[in-house]
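Trainee: Could you take me through this structure? I would like to start with a helix.

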Amino acid sequence: MDLIVSTEALSAFCERAAQFDFVTVDTEFLRETTYWPRLCLIQVATDDEAVLIDPLADHLDLKPFFALLANPSVTKVFHAARQDIEIFVKLTGAVPHNIFDTQIAASVCGFGDSASYDSLVRAICKVELDKSSRFTDWSARPLSEKQRLYALADVTYLRDIYRELRKQVEQTRRWDWVEDELTVLRSIDTYVVQPEEAWERLKMKINRPRDLAALKVLAEWRERKAQTSDQPRSRVFKDDALFDLAMQRPLTPDAFDKLRAVPRGFGRSSAAAEIIELLKGVEALQKADLPTLPERYRGPSPKGAVGDLIRVLLKSVAEQHGVAARILATSDDIDALVLDDDADVPALKGWRRKLFGEKALAIKHGRIGLAATRKGVIEFAVNQAEAAE
């Protein structure tokens, strides 16, 4: 087993790897106390070789490996690729070219939603992995023999998993399904959080325009703080504290002491001074300059009976076609299409609309119904005249 610690050895391996149609890739990293993941190990395998690359080694230049990632002639195979790719986007400023995610392929081939790597190794390679090294300290050196074996297993079995899933995708003619999902992974916007857009990730509801204006500037401030100081968002401020600040809008140091979501004495900190200035700016906004709240829906609740029926349909269609339900539609997709026939969600676009979305809208408008049989749930047309009565 090779542990690459020199640029010369890495360059030689990458030259060999570039001769193959695909390589399998995985990483080990730490992120518990940082905003950005700290890369600790890279695992790569070709058809006849598997190596560990030590990014923490003195004087190792990763440029040869980055060139391999950018090589469009070589498919880079990951499992659950998002966090791995985020690391490389941070290091190189670009998404690796020609990527394939076996978790996505597994979801359209009947292995369930978000299939784990070890479950695919078990199902396809007939091997039970030892995962006891998963949460070890990957920044510590030297790596133990057990850590090395664990890390290599994440790319060696991935070769057979890739071949098998690729074959199944081709046989079922579902490449367009896989491609739709890969489009998200190929977009650099998936990995780069713009601070001014950070508020969109927050789930709590805001009912007043000035509160929303405050939340936007506070979320942007937190995101910038987290990025520049390289610490998790929650260590700067938890979500509930942001909402408390947005609604209460303390404008003096003493006013912070009346908030339960911030520690005592915080109002006299430099961070509090920055927040006060931001909130003063919000208070100074004219009514015409405040953001518009999303229009409140007045129809049936998406969490009510109509949404429940559509969720039953989703499960039935997923079982019928041997695909993970989440690939067809998420719970948020269903909520959105209950609220709006033209909702901008994947479930109402392309192959998903043909397979599921049209039927979901038909249920919503009473054109079809669902019935339970011994063979499962079936759809039936509804007589519109009788339904109206």
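Mentor: Let us begin with helix H3, residues 82-92, where Asp84, Ile85, Glu86, Ile87, Phe88 and Val89 are buried. Buried means under 20% relative accessible area, with over 50% called exposed and the range in between partly exposed (1.4 Å probe, protein chains only). Helices (H or I, at least four residues) and strands (E, at least two) are DSSP runs, numbered from the N terminus. This is a predicted model, in which local features need pLDDT of at least 70, side-chain atom pairs count only at pLDDT 80 or more, and totals for chains, interfaces and linings use all residues. Residues are numbered from 1 along each chain as its sequence is written, and side-chain values use heavy atoms, with hydrogens and water left out.

Trainee: What covers the buried residues of H3?

Mentor: The cover includes strands E2 (22-30), E3 (38-45), E5 (75-78) and E6, together with helices H2 (63-70) and H7 (175-186).

Trainee: And which residue follows H3?

Mentor: Glycine 93 follows H3, and its phi is positive, near 80°.

Trainee: Changing topic, how many aromatic pairs does the structure hold?

Mentor: The structure holds 11 aromatic pairs. One of them joins phenylalanine 100 and tyrosine 162; their ring centres are 5.0 Å apart and their planes stand at 80°, so the pair is edge-to-face. Rings of Phe, Tyr and Trp (its six-membered ring) pair if their centres lie within 6.5 Å; planes under 30 degrees apart count as stacked, over 60 as edge-to-face and the rest as tilted.

Trainee: Where do phenylalanine 100 and tyrosine 162 lie?

Mentor: Phenylalanine 100 is in strand E6 (residues 99-101) and tyrosine 162 is in helix H6 (residues 145-172), so the pair ties together parts that are 62 residues apart in sequence. Phenylalanine 100 counts as buried at 3% relative accessibility, and tyrosine 162 does too, at 5%. Ring pairs also link Phe22, Phe100, Tyr162 and Trp175 into a cluster.

Trainee: Back to helices: at what angle do H12 and H14 pack?

Mentor: Helix H12 (residues 305-321) and helix H14 (residues 331-339) pack at about 130°, with their axes 10 Å apart. Axes are lines fitted to C-alpha atoms, for helices over the stretch in contact, and angles run from 0 to 180 degrees between N-to-C directions.

Trainee: Which residues make the contact?

Mentor: Among them are Val306, Ile310 and Leu314 of H12, and Ile334, Leu337 and Val338 of H14. Contact means heavy atoms within 4.5 Å.
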